Structure formats: C-alpha cells, structure tokens
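The sequence and the structure come first.

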Amino acid sequence: MLAANAIPAIPRGVRIRHDKVRARWVLLAPERTITLDDIGLAILHEIDGVRSFQAIVAGLAEKYAAPVEAISVDVSAFITKLADKRILEVS
C-alpha cells in the first residue's frame with residue numbers, strides 16, 4: 001500500500017492518448033503501449049504530480065460515490081504496478 005503522502009507523477013516522455021483507429025485510450029511510454037480500461041484512465045486523470053495518493057483516492061471516492069477503503073487498495077496496486085515498470089514516478 002502506498003503511503004498516504006506519496007505523490008505519483010507521470011514522467012516526461014509518458015503520455016495518455018486516445019487511439020482513434022482502435023477507439024481506446026492508451027498510455028504511451030518509451031518502447032511500450034499500455035491499453036487502459038475506464039478505471040485505469042480515471043486514476044491516471046487524477047495524477048497531476050502535485051496531489052498525494054490520499055488526495056487522489058479521496059477525489060475518486062467522491063467522484064464515483066465509492067468508499068475510500070474500497071478503492072484505495074486497487075488504486076495503490078495500479079500505481080505501484082506502473083511505478084515498478086518505471087512508467088510512473090512516486091515520491
């Protein structure tokens with residue numbers, strides 16, 4: 001589980017783009033393309049490099065009327081997985 005004050009950021013060279021040909025959202029990283037589902041896209045849209053993990057989870061919980069406890073584990077796992085692949089940075 002990420003620390004509440006951890007700040008995830010999308011590093012330079014990584015972009016979220018809509019693939020019009022395939023009608024889906026993708027995360028473009030050097031030498032990689034990751035297809036995003038609606039949940040992954042929603043999480044990535046909240047990451048601005050300024051807000052903490054706790055603030056991101058609170059924002060998502062409010063936006064989707066979901067309990068913080070229910071989504072914090074999933075959001076942490078998503079961010080951690082991308083950070084392990086060096087697609088996101090967490091400070």
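In which strand does Ala 9 lie? Ala 9 lies in β1, a strand of residues 8-9. The model is predicted, so local features need pLDDT of at least 70 and side-chain atom pairs count only at pLDDT 80 or more, while totals for chains, interfaces and linings use all residues. Residues are numbered from 1 along each chain as its sequence is written, and side-chain values use heavy atoms, with hydrogens and water left out. Helices (H or I, at least four residues) and strands (E, at least two) are DSSP runs, numbered from the N terminus.

**Ala 9**

With a relative accessible area of 19%, Ala 9 is buried (buried means under 20% relative accessible area, exposed over 50%, partly exposed in between, with a 1.4 Å probe and protein chains only). Not counting residues up to four places away in sequence, Ala 9 touches Ile 47, Gly 49, Leu 88 and Glu 89; contact means heavy atoms within 4.5 Å. The C-alpha atoms of Ala 9 and Leu 36 are separated by 17 Å, and these residues are 27 apart along the chain.

**Helix packing**

The table lists the axis geometry of the helix pairs. Axes are lines fitted to C-alpha atoms, for helices over the stretch in contact, and angles run from 0 to 180 degrees between N-to-C directions.

| Helix pair | Axis separation | Angle |
|---|---|---|
| α1 (residues 38-46) and α2 (residues 53-63) | within 10 Å | roughly 125° |
| α1 and α3 | 11 Å | about 80° |
| α2 and α3 | within 9 Å | roughly 125° |

The axes of α1 and α2 cross at roughly 125°, which makes α1 oblique to α2. Angles under 35 degrees count as roughly parallel, over 145 as roughly antiparallel, 65 to 115 as roughly perpendicular and the rest as oblique. The α1 and α2 crossing is right-handed; a crossing is left-handed if the near helix is turned anticlockwise from the far one by less than a right angle, and right-handed if clockwise. From α1, Ala 42, Ile 43 and Glu 46 take part, and they meet Ile 56, Leu 60 and Lys 63 of α2. By class, this contact of α1 with α2 has 4 nonpolar, no polar and 2 charged residues. Here Ala, Val, Leu, Ile, Met, Phe, Trp, Tyr, Cys and Pro count as nonpolar, Asp, Glu, Lys and Arg as charged, and the others, Gly among them, as polar.

α1 and α3 pack at an angle of about 80°, which makes α1 roughly perpendicular to α3. Gly 40, Ile 43 and Leu 44 of α1 make this contact with Val 75, Phe 78, Ile 79 and Leu 82 of α3. The residues of the contact of α1 with α3 divide into 6 nonpolar, 1 polar and no charged.

For α2 and α3, the axes cross at roughly 125°, and this makes α2 oblique to α3. The crossing of α2 and α3 is right-handed. Phe 53, Val 57, Leu 60 and Ala 61 of α2 are in contact with Val 68, Ile 71, Ser 72, Val 75, Ser 76 and Ile 79 of α3. Of the residues in the contact of α2 with α3, 8 are nonpolar, 2 are polar and none is charged.

**Residues of α1**

The buried residues of α1 are Gly 40, Leu 41, Ala 42, Ile 43, Leu 44 and Glu 46. They pack against β2 (15-19), β3 (24-29), α2 and α3 (68-84). At the start of α1, the backbone nitrogen of Ile 39 has a side-chain oxygen of Asp 37 within 3.2 Å.

Which residues does Ile 43 contact, leaving aside its neighbours within four places in sequence? They are Leu 60, Val 75, Phe 78 and Ile 79. Ile 43 is buried at 4% relative accessibility, and its C-alpha atom is separated by 7.9 Å from that of Ile 56, 13 residues apart along the chain.

Glu 46 is also in helix α1 and is buried, with a relative accessible area of 14%. Its side chain makes a polar contact of 2.5 Å with the side chain of Arg 51. A polar contact is a pair of N or O atoms within 3.5 Å; within protein, one must be able to donate a hydrogen and the other to accept it, and residues adjacent in sequence count only if both atoms are side-chain atoms. Leaving aside neighbours within four places in sequence, Glu 46 is in contact with Arg 51, Ile 56, Leu 60 and Lys 63.

**Positive phi in loops**

Ala 23, in the loop between β2 and β3, has a positive phi of about 55° although it is not a glycine. Ala 23 is exposed, at a relative accessible area of 59%. Glu 31, in the loop between β3 and β4 (32-35), has a positive phi near 65°. At 84% relative accessibility, Glu 31 is exposed.
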